[in-house]
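Hi,

Here is the structure I said I'd pass on.

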Amino acid sequence: MRLDKYLADMSVGTRKELKEMIRKGRVLVDGVPVKDPGTAITGAEEVTVDGAKIAYTAFEYYMLNKPAGVISASEDSRQTTVVDLIEDRKRKDLFPVGRLDKDTVGLLMITNDGDLSHRLLSPRFHVDKVYYARIAGAVTESDVKAFADGLKIDDTLTALPAKLEILSVTAAPDPVSEIEVTIREGKFHQIKRMFAARGMEVLYLKRLSMGPLVLDPGLQEGEYRPLTEEEISALNDFL
Ligand code: URA
């Protein structure tokens, strides 16, 4: 890999800034100033910028407990994105694996591994996503059956069969239901639209898991941690 790409990937600067830094002799490879931005780097060398060692990371994987109020995007000129929350990130090419609505909270994976992301999101793999929700209204067994049968959302969309579990329903006159729902697809506003099709509104929505990846209960909303080796292997083995 070229030296300037190595440093750009690690967010040291823009290509233009890096060219300048390299030409000024601020970048050393194995202790020797290197003046050519195109110098080939294998990854075995020690690269320093102004004396600080810059290790190379090819892939990063994070689990975020997404808070409400941030958008599922990599960058945005006005709004905070989920990638902005990953303060320890080294790579500049991170993105969220799929989208949660701005007001949805819970499990979101952030990575730069496009291949893994693609497989996790591919409709071909039918990866189970489990959500906890609070619903305005009394969810009943007839809703459970409708979800299991494959709910017609509108003229263009019939959901695949989904598992709906009723956890609790508060008393009338304004009942609120707590539910868990498992879906195998990820259409735009899918859960909100499924409940809307049953005449109910989602008040709170939290993703608990995606395939083998389960939200760490130790993460408060807005907190994140790197995935463990076991979690990365589980995702790769599963797909
Ligand atoms: N379904 C929704 O309606 N919103 C989400 O954020 C995720 C699933």
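This is a predicted model: local features need pLDDT of at least 70, side-chain atom pairs count only at pLDDT 80 or more; totals for chains, interfaces and linings use all residues.

The protein chain splits into three parts: domain 1 (3-53), domain 2 (61-123 + 213-238) and domain 3 (129-210). Domain 2 is written as two stretches, 61-123 and 213-238. Between the C-alpha centres of domain 1 and domain 3 there are 52 Å.

Now the ligand. You'll find it in the largest pocket. Around it are Leu100, Asp101, Thr104, Tyr131, His189, Gln190, Ile191, Lys192 and Leu205. By type, that shell comes out as 4 nonpolar, 3 polar and 2 charged residues.

Which domains supply the shell? Domain 2 (61-123 + 213-238) and domain 3 (129-210) each put in at least three residues. As for secondary structure, helix H5 (residues 190-197) is the biggest contributor, giving 3 residues to the shell.

A polar backbone atom of histidine 189 is 3.3 Å from a ligand oxygen, and one of glutamine 190 is 3.5 Å from an oxygen atom of the ligand. With isoleucine 191, a backbone N or O atom sits 3.1 Å from a ligand nitrogen. Taken on its own, the ligand has 240 Å² of accessible area, and the protein covers 96% of that.

Cheers

Conventions:
Residues are numbered from 1 along each chain as its sequence is written. Side-chain values use heavy atoms; hydrogens and water are left out. A residue is near a molecule or strand if one of its heavy atoms lies within 4 Å of it. A polar contact is a pair of N or O atoms within 3.5 Å; within protein, one must be able to donate a hydrogen and the other to accept it, and residues adjacent in sequence count only if both atoms are side-chain atoms. Accessible areas come from the Shrake-Rupley method with a 1.4 Å probe; for residues, only the protein chains shown count as cover. On a 1 Å grid over the protein atoms alone, a cavity is a set of points where a 1.4 Å probe fits but cannot get out, and a pocket is an open set with protein on both sides within 12 Å along at least five of seven lines; lining residues have an atom within 4 Å of a point. A molecule sits in a cavity or pocket if more than half of its atoms lie within 2 Å of its grid points. Helices (H or I, at least four residues) and strands (E, at least two) are DSSP runs, numbered from the N terminus. Ala, Val, Leu, Ile, Met, Phe, Trp, Tyr, Cys and Pro count as nonpolar, Asp, Glu, Lys and Arg as charged, and the others, Gly among them, as polar. Domain bounds come from an automatic or database domain assignment.
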